[in-house]
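Please read each point alongside the displayed model.

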Amino acid sequence: MKHLWSFLLILPLAAEDKVPLPGEQPFKTNCAACHMLASVVVGPSLVALAKTYPKDKQEEFTAWAKTPGKKNTNMIQMPSMAHVPEADLGGIHTYILSVTDGIKEKPGKALYPKFKEPKRQLPYVVRASMPDSSPASVGVVLENGLSVCWDTEACRFRYAYVGNKTNLFSIWRPASLPKKPYFIETADVLIHSATSDDKLGIFFPITAKLQFRGYRLVDKNPEFYYTLGSIEIRELIAAGKDPESVIRRFTVTNVDRSLLFDLSHKGKATLSSDKGILKDGRLTLTAEEAKFFTLTIIKK
Amino acid sequence: MNRLLLSLLATTALSFGKDWQDYYQIESVPLPAGVDNQIGGITTLRDGRIATCFNSGEIQIFSPETKTWSLFAQGLSLPLGVIEEEDGSLVTMQWAELTRLRDTDKDGVADLYETVCNDFGLTGNYHEFAYGPTRDSKGNFYVSLNAASNGEGIQDRIRGPWIDIGLDRESHLASKGEDNWQKNKGKTGRMYSRVPYRGCVLKITRKGRSSVFAYGFRSPDGIHVDKNDRLWITDNQGDWRGTSPLYHVTEGGFYGHPASLVWKKNWTRDPLKVPVEELESMRTPAAGLFPQGELANSPTQPIDTISPKLFGLPEGELLIGDMNQKHLIRFLPEKIGDVMQGALIPFLVSPDLGMGNHRFSFDQKGGLWIGKTHIKWAGDEGIKKVTFKGQQPLLATGVSLLKDGFKVTFNRGLKEIPQLEISRHTYRYQKKYGSPKVDLKKVKAAQALLSDDGKVLTVKLPEITERRLYTIKVKGAVDTEGHPLMGDVLRYNVVKKRGE
């Protein structure tokens, strides 16, 4: 009876004391985070490693682990495993060979199915790093097949392009655009102060701090909100009534002077404003006009 | 006959309680369609619903009553945490900013995406994850920012400013090609911080004013303020991390990874050139250490335990997850003088739990909601819910350092003194990735005493060495009814000895 007790008692406790396979513990410690049995996670699968380093190539295996290079251009380079004792590296190799015996890797088989972007209801607003804009940008995908890149760092519209791709965010690199932009703003600074009675383009910079404050969704269209010192600026982006048009509706508060918006641009589009004087891509607005105005960009 | 009956009875009693699932139910939660099933944040709302951040950029809210999901926000960039504010707004940390999501027209969907704080840099490097927020009792937010990885360089456009300490910016450009990077990557550090405040923890007031709170992090995925306003952060094994640590973080502290030192006021030196001894003297030791490959490889979010009636664990502990291990981990903190240290104990060791346990929230009834992720590293997907079945397992409920040993307290009396296997070791503090266990020594207990009620086990050791992780394996411990001790390896990190 006594013996039975102790036998039964030990059973459930065995989990952490199970005798590991040779090399299993150093494998778990150093490799298991990135190398799975038969599928690619961060690094190649154990099946692939066993194929590259069969039994007679243990030396090559340990040499590579100590000073790894980059074999797979689509994978991250492994950090050096030089801190792992030589005997453990050999053990890891033995372990890899033992667990992969008889196991095959299906080409392209991933551990998890790749997320497939669903069909999004448009307009759709998505935070992403975008090319030729800050890593903190926003993609605005409109229902008319046009898209806009808006930069939260510079607090401005950067460009418009054709396409309705919605999976723009990636940790790896800026979004790849379906098409090159057809309208690109080129001025270094968007908003300047203009002398109130002058419409000849005399203007000077506003030295106040530009601060992005966020955006509001108005019928799913984003209205970006930012401040330039005490001036509050809201810019709503939406599909225009005209085919292939994008509108930018500005609401500016706390403005006590004429403003000049430097809307210099390149590409194949026409830009118009319902207020002020637009000349050579520069829009001059009285303080009153600046309170509420709309720009329209029509793709040529 | 009698003997047979007795043995049958014994078997029945013992077959209950050998598995964690005899005490806890683990179930999968149905997921909404059209999302990436990886979870970056999960929180129980005051109305009992569960707000969840998906890696595809949505925050959806699950109603446990109707088992349906509703969309609250979308188009976010990798939200890696979410909390609810008093007015029902949700605050989430995205790749590029801390954002408050408000439903101003009360239609159940956020319409205002308010930038709370974007006062930190981005280089376009893939490793610049941003975690949080967690919040203290005064309403301040805390977020943690990953350092960049030299697995890749940086993009042409950054959100800066770039700091000119170390390898020049031009040489970091990914656009200069792989050959350029292979030539230069060794010169910037395994993890680097060249735009503000990568590798730091930021404190952000409710209104968005931010300041650097602490330095020295590598990949601090787990960030949590407990109910005593103590900030806890987990980090990942790697360069300058012999094994994964749990830190108790206080203002102005340096937590070991040197890259972010450049953001200290008046700092001018290349952190890679600071002697290790100097870094060693500056750093705050970890409160807990997770041996790599045994307890954790990439620890995740800590949360406070709740009432034992609701979840079976004592209050005042932390519960922590890990990406690679199919278990959770309890942390039993103990303050010795001004030093926070304590014991880590495996919890809910179960293949049904699976790995990738990333984000946690207790609901009002004591259900533990677990969001999983992998980001193509080791991990898993989906949501699990863990429910306490009502009968407490036999647990170590206290591990306390004595001046000459340890005192282990149990929630029920042990039948007899268990067999003990004790060892201690440490890790190298070094630039190189990880560390083997060093100075690993078996420790023979000079004496083991069990209190009359069986609830207090006192283990006397010949000596206690500071800066050593003590592993105490408690073998064959059972209560008087034969239920085994659940979580029988106690890993106490002795940073500081108890005084005379």
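1. Domain bounds, as used here, come from an automatic or database domain assignment. The model under review is predicted. In chain A, the assignment gives domain 1 (21–100) and domain 2 (124–299). Taken over C-alpha atoms, the centres of domain 1 of chain A and domain 2 of chain A are separated by 51 Å.

2. Regarding the contact between chains, 54 residues of chain A are in contact with 57 residues of chain B. Two or more residues each are given to the side of chain A that touches chain B by α1 (2–10), α2 (24–30), β1 (124–128) and β8 (210–218) of chain A. The largest share, six residues, comes from β8(A). By class, this side of chain A has 35 nonpolar, eleven polar and eight charged residues.

3. Strand pairing also links the two chains: β8(A) pairs with strand β9 (residues 112–117) of chain B in the antiparallel sense, over three bridges. Within β9(B), B:L112 is the bridge partner of A:R216.

4. Helix α4 (residues 58–66) of chain A and helix α5 (residues 86–100) of chain A have axes that come within 9 Å and cross at roughly 120°. Because of this angle, α4(A) is oblique to α5(A). The crossing in which α4(A) passes α5(A) is right-handed.

5. On the α4(A) side, the contact is made by A:Q58, A:F61, A:T62 and A:A65, and on the α5(A) side by A:E86, A:L89, A:G90 and A:H93. The residues of this contact of α4(A) with α5(A) divide into three nonpolar, four polar and one charged.

Technical notes:
Residues numbered from 1 in each chain as written. Chains lettered and ligands numbered in written order. Predicted model: local features only at pLDDT ≥ 70, side-chain atom pairs only at ≥ 80, totals over all residues. Contact = placed C-beta atoms within 7 Å. Helix = DSSP H or I, 4+ residues; strand = E, 2+ residues; numbered from the N terminus. Nonpolar A, V, L, I, M, F, W, Y, C, P; charged D, E, K, R; others polar. Pairing = 2+ DSSP bridges. Axes fitted to C-alpha atoms, helices over the stretch in contact; angles between N-to-C directions. Parallel < 35°, antiparallel > 145°, perpendicular 65-115°, else oblique. Left-handed = near helix turned anticlockwise from the far one by under 90°.
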